[in-house]
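Please read the points alongside the sequence and the model.

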Amino acid sequence: METGFRKWIIVITIITSTIIELIDTTIVNVSINTMSGNLGASLEDTAWVITSYAIANVIIIPMTSFLAEKIGRKQYYIGSILLFTLSSALCGFSTNLWELVAFRFLQGVGGGALLSTSQAILFETFPPKERGLASGIFSLGIIIGPSIGPVMGGYIVDNLSWQWIFYVNIPIGLMAALLSFMYLRPTQGSKDDRRIDWLGIALLAIGVGALQVVLERGETDDWFAANYIVALSIISALALSVLIWWELTTEHPVINLRVLKSATLSISAVMTFVLGFGLFSAVFVFPLYAQRIIGYSAFQTGTMLLPGTLMAALISPFLGRMLQSGLRPQYLIIIGFLFSAIFGFFMSKSNLETGDAYFFIPLIFRGLGAALLIVPLTALAVSELKPQDIPQGAALNNMMRQMGGSFGIALINTYIANRAAVNRISLISHVTTTEPATQIRMDGFVRNLMTHGASYLRAAQQAVGALENTVVKQTYLLSYMDAFLLLAIMNALCIPLVLITLKRRPANSAPQKVVISDH
């Protein structure tokens, strides 16, 4: 527990570290085209820059509690900041794609640890009566980071070069490491002689790593049509199956899966998966829709996300206080899923004529929904656990959020592609020479082109191309609308799960407390 100047320096340091880690999950997305050209690599290969970071994040998160205990939290935290910072510099200095991919993996190892350990440090900085406020403050990083990543990336690439999306981390990381060294209380590593669960670590890395590659690359390579996707799917299934058996039978597991005996934790993990699915999918789908269909720039798209993010930032500290005062988290979670469903429903009703004003309200609902889910779901997940099981329960819950994000982006991308095929067939069936509407549109194209100097034959050929472009645009418009509706349905279906947990009283009947652990 800290007070005065020292406390708020620690808060600023922790939140800054959290935000830069989460910014790096999305900032690269808008730079892929530029990287591909500069490094002389295909877009498919360049996408590994995103994939490698996601794989490292998901592998390291469930191990962070164990590593922090073994090394000492302060040492592990500072080491993670320095690894993240050094890797950021090396990413910027990379001269070929596979150097960049390797350094992004190391950056993800450091970044995943930052996200997890920051939570515990922030919790210990505040007195018990202010820990709800600490929980709300931490949620700011989770909400703000992924939302401002694309706008920062777009601005940097437009005005500087892609390397600067990594270089900007260097001064921030060095300052965070220095302040952490100066102001964090010393911690000691564990002195016990427990055997390290190397087999569990290896199985986790292989199983989750292979699964992440399948999810990130499946759509690009037509899923099981690619032999390596089939092989990695089998490897992932086998490794994760053995991991579950091993972690349930070994004396000192790296991941204590026994905590999943808590029904509330298990249900919360499912809902957290949906939260991650919706949180990351919305940030993935909306920019694609805004840029490809409506024609906004990356910077314009990012600025449209900011009002909802700011609204979430305003209410997050109050949500923590409400939970600390004894409000059951289920009530906030129900409202959060409802708001998230409203966002998806309203977005599914937009069209090519929709302007900025229409998007404002749905995006506000998205920001509020995220804020109303992140902190309460963490509180609900650990509400029935014993104190010694809380770190591992929170770790599994947070891993589910990250996995939900990976599944979400992969599956929503596949869903859009499949719906595009279905919607195109449906549209083309009405685009025939016998359809009066088609004839009217074609005649309009031809007349317009001829007035600009084209011959009739040339105008007719160009009119066919223009009609095809119209069909493609309408096809993807309908597909993005279907994706938004899917997000609405998924969020709405979680509300009955919340009601199940509402019937259960916490193991301790005292008012619900917001607990933040190493994860």
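1. Helices are DSSP runs of H or I with at least four residues, strands are runs of E with at least two, and both are numbered from the N terminus. In these terms, Gly-209 belongs to helix H11, which spans residues 198-217.

2. The model is a predicted one: local features need pLDDT of at least 70, side-chain atom pairs count only at pLDDT 80 or more, and totals for chains, interfaces and linings use all residues. Residues are numbered from 1 along each chain as its sequence is written, and side-chain values use heavy atoms, with hydrogens and water left out.

3. Gly-209 counts as buried because its relative accessibility is 8%; buried means under 20% relative accessible area, exposed over 50%, and partly exposed in between, with a 1.4 Å probe and protein chains only. Its contacts (heavy atoms within 4.5 Å), not counting residues up to four places away in sequence, are Ile-55, Ile-59 and Leu-204. Between Gly-209 and Gly-173, 36 residues apart in sequence, the C-alpha to C-alpha separation is 26 Å.

4. Ser-17, located in helix H1 (residues 4-26), is buried because its relative accessible area is 1%. Its side chain reaches the backbone oxygen of Thr-13 at 3.0 Å. This is a polar contact, that is, a pair of N or O atoms within 3.5 Å; within protein, one must be able to donate a hydrogen and the other to accept it, and residues adjacent in sequence count only if both atoms are side-chain atoms. Leaving out residues up to four places away in sequence, Ser-17 touches Tyr-77, Ile-81, Leu-114 and Ala-176.

5. Where does Ser-94 lie? Ser-94 is placed in the loop between helix H6 (73-93) and helix H7 (97-125), and counts as buried because its relative accessibility is 6%. The Ser-94 side chain reaches the backbone oxygen of Cys-91 at 3.2 Å. Beyond four places in sequence, Ser-94 touches Glu-99, Leu-100, Phe-103 and Trp-162.

6. A nonpolar core is a set of buried Ala, Val, Leu, Ile, Met, Phe, Trp, Tyr and Cys residues joined through side-chain atoms within 4.5 Å. The largest such core has 110 residues, of which Val-28, Met-35, Leu-100, Leu-122, Phe-166, Met-271 and Phe-337 touch the most other members. Helix H16 (residues 356-381) supplies the largest share of this core, 11 residues. A second, separate core holds 24 residues, including Tyr-289, Phe-343, Ile-412 and Met-481.

7. Leu-100, leaving aside neighbours within four places in sequence, is in contact with Met-35, Leu-39, Val-49, Cys-91, Ser-94, Trp-162 and Phe-166.

8. The axes of helix H15 (residues 329-347) and H16 come within 7 Å and cross at roughly 150°. H15 is therefore roughly antiparallel to H16. Axes are lines fitted to C-alpha atoms, for helices over the stretch in contact, and angles run from 0 to 180 degrees between N-to-C directions; under 35 degrees counts as roughly parallel, over 145 as roughly antiparallel, 65 to 115 as roughly perpendicular and the rest as oblique.

9. Helix H13 (residues 263-294) packs against H19 at an angle of about 160°, with the axes 10 Å apart, and the two are therefore roughly antiparallel.

10. Gln-462 is found in helix H19 (residues 456-502) and counts as partly exposed because its relative accessibility is 30%. Beyond four places in sequence, Gln-462 touches Leu-449 and Ala-454.
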